[in-house]
Every structure is written in C-alpha cells, then in structure tokens.
Amino acid sequence: MTPFEFLLPYSLEEALSLLDPEDPGIRPVSGGTAVMLMMKAGVLRPTRLVSLHKIGQQHAAIEVKAGGELVIGGQAKLADIECHPAVRAGWPLLTQALRGVANARVRAVATLGGCISHADPHLDMPPVLAALEARIAISGPRGERMVRAEDFSTGYYETVLQRDELVTGIFVPPQAGPGAYLKMTTRAAHDWPALGVAVVLKMNGEQVQRASVFTGAATDRPTRLLQAQSVLEQRGLDASAQRAAAQAAVAEAPLMGDAHGSAPYKSQLLRVALPRAIEAALRRSRSHA
Ligand SMILES: Cc1cc2nc3c(=O)[nH]c(=O)nc-3n(C[C@H](O)[C@H](O)[C@H](O)COP(=O)(O)OP(=O)(O)OC[C@H]3O[C@@H](n4cnc5c(N)ncnc54)[C@H](O)[C@@H]3O)c2cc1C
C-alpha cells in the first residue's frame, strides 16, 4: 500500500482547511466502510485521509426542529438514525429503508453523510431521501449551501460536492404521507439492490394529491419517474392505475444493466416493484392509522 497521511482534525473548520480543491489524492473519511473497500481494491490511493471522526460529536445530532423538520448531522451513524424514536414515529420510511442497508455491523459505523457522498448508484438511501424531498447541507471554505437530495448526485459516483466541501447535514421535511422503499436483490435480502423504488404519497382522502416516485440502482443516479407520478395523481391507486404507472415507469426510466442484471431484467423488476412499493406504503399507513 502506498503510504498516506491520516489526519484527525478536531473541528469542522480545521477539517475543511486540510482538504484541497485541486488534489484528488486528499479525501475525507467518515465511517470508512466505503473508503477502506476502495483502498483494498486499489481504486483509491489517497495521499491524505482527513478523518471526520473527532468532529462527529458536534455533527451527529438527530433532532426535530420546531417547524417539524428532521435535521440529521452528516456524521450521524445509520444505526442511530434507524433506532431513533422520533425518526421511527415521524419518518417511518427512513427507518424501514435503513433496516435493509447492508448489515448491522456496517450500519453501526457508516454515516449518512458518507453514504450519500459515496454516490454509488446502488446505494439505498439516496432515492429514499429524494422521495422525502430532503435537502443536503454542504459546508466549504465559501460557507454553507443547500442542495436538494434529488440534485445531489450528478452521475456514476459523481456529486455536486467540490473537493474542499463536506456534507454536514440532511434536512428532511415531515413525511408527506404513506411511503415505502422496495429493494430488489438477486442474492440475500440485505445485499446491494439490483433495483430500488422509493414512493411517498401525499393523500387527500382517497385522492393522490402528490406522488413522489424515485428509482435507484438501475440508473446512474436516483431518478424521478415523472410519468409514473402523473398516472398515480390522475388515476389514483387501484390495481389498473398501479399497472399503468409501472408501465409508464418502465417506458421513461433510463435503466442500465450491470453485474446485478441486464437492462431488460431490471425493466421487469421495475414493472413488479412499483405496484408492490405502493401496496407496501398503503399497508403500512393502514396499520399505523
Ligand atoms: C459489506 C458492505 C455491504 C454494503 N451493502 C450496502 C447496501 O446493501 N446498500 C447500501 O446502500 N449501501 C451498502 N453499503 C455501502 C455503505 O452504505 C457505505 O459504505 C456507507 O454508507 C458509507 O458511509 P461511510 O460513513 O462509511 O463513508 P466513508 O467510507 O467514510 O466515505 C465514503 C465516501 O464519501 C466521502 N465522504 C465521507 N464523508 C463525507 C462527508 N461528510 N462529506 C463529503 N464527503 C464525504 C469519502 O471521501 C468517500 O468518497 C455496503 C457496504 C459494505 C462495506
């Protein structure tokens, strides 16, 4: 292994000062679950790792603000978010989706900031955060900026982050209505998804006032399925509307094949997954009513 510096700053400001917009060899590290795998595989050979471990305490809070928004620090561990009572009560979609990410050992170490910054298109949480209309707080030498979760990933392992910026918070508005994330894997249930579908339905009685539908893992970034949303908003949620929405989703999603399956295989997964995700969302909301 090529030698590298490992630095442990004690404040966000110090951490930011150790990053360099010009040097791709300098990388922040949070839980390290992805960084270590990339280093072992030889695809990442850093000259400097800036660990965010010591700033964790100030940037790992999970709290509900007075206006009802959930604010999650970038250094919050996936397991802490999954087990948080306020998250379970107000954002059941987050709890449900987190339970299926990797395994308990990874979730005990990995952070939400590290997770979304990694931008592997197969990650489970980015389509979920996009469907919840979350915003990402990004800190850098020029101050803080907010980006919609939907716009954060710009392609295969690409994000809007500059090399001298860090994800410091995730702001999630109240969950608008029933929601579910369906993860289709080709091996164990908690494996990386071949396709993921996140659905949030804002209801007005029996009417769908607004549908938020995203797919992940089969596209190079979380992708909003506009036509599928519009079918659900116009036709409702009966079986034929669900089938029509799934058909629209398959027609519009720029699905790509990979090691988890070909593009035609993923089309079939999407056709099946979207109605199942809608049914799961409705079932969960009935059981909590
Ligand atoms: C065995 C295993 C199975 C897995 N299975 C799944 C799965 O089924 N579904 C799934 O979604 N994920 C899965 N993962 C991936 C896992 O979710 C990620 O590895 C994890 O979320 C990354 O978080 P981290 O804190 O460890 O990030 P790190 O490894 O520390 O960092 C990841 C990337 O983000 C950058 N980074 C870290 N923190 C920040 C920050 N605050 N601001 C800006 N950039 C930052 C790093 O430079 C690096 O590029 C799996 C991982 C493992 C090891």
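**The ligand and its surroundings**

Student: Which pocket does the ligand take up?
Tutor: A pocket is an open set of points on a 1 Å grid over the protein atoms alone, where a 1.4 Å probe fits, with protein on both sides within 12 Å along at least five of seven lines. A molecule sits in one if more than half of its atoms lie within 2 Å of its grid points. The ligand's space is the largest pocket.

Tutor: This is a predicted model: local features need pLDDT of at least 70, side-chain atom pairs 80 or more, while totals for chains, interfaces and linings use all residues. Numbering runs from 1 along each chain as its sequence is written, and side-chain values use heavy atoms, without hydrogens and water.

Student: Which elements give two or more residues to the shell around the ligand?
Tutor: Helices (H or I, at least four residues) and strands (E, at least two) are DSSP runs, numbered from the N terminus. Those elements are β2 (26–29), α2 (33–41), α7 (112–118) and β10 (166–172).

Student: How many residues surround the ligand?
Tutor: The cut-off is a heavy atom within 4 Å. The closest are P28, S30, T33, T111 and D124. The count is 30.

Student: Which residue has a polar side-chain atom 3.0 Å from a ligand oxygen?
Tutor: Polar contacts pair N or O atoms within 3.5 Å. The backbone of V35 makes one at 2.9 Å, and that of A102 at 3.2 Å. The side-chain one comes from K183.

Technical notes:
Polar contact = N/O pair within 3.5 Å; in protein donor to acceptor, adjacent residues only side chain to side chain. 1 Å grid on protein atoms, 1.4 Å probe; cavity = no way out; pocket = protein on both sides within 12 Å on 5 of 7 lines; lining within 4 Å.
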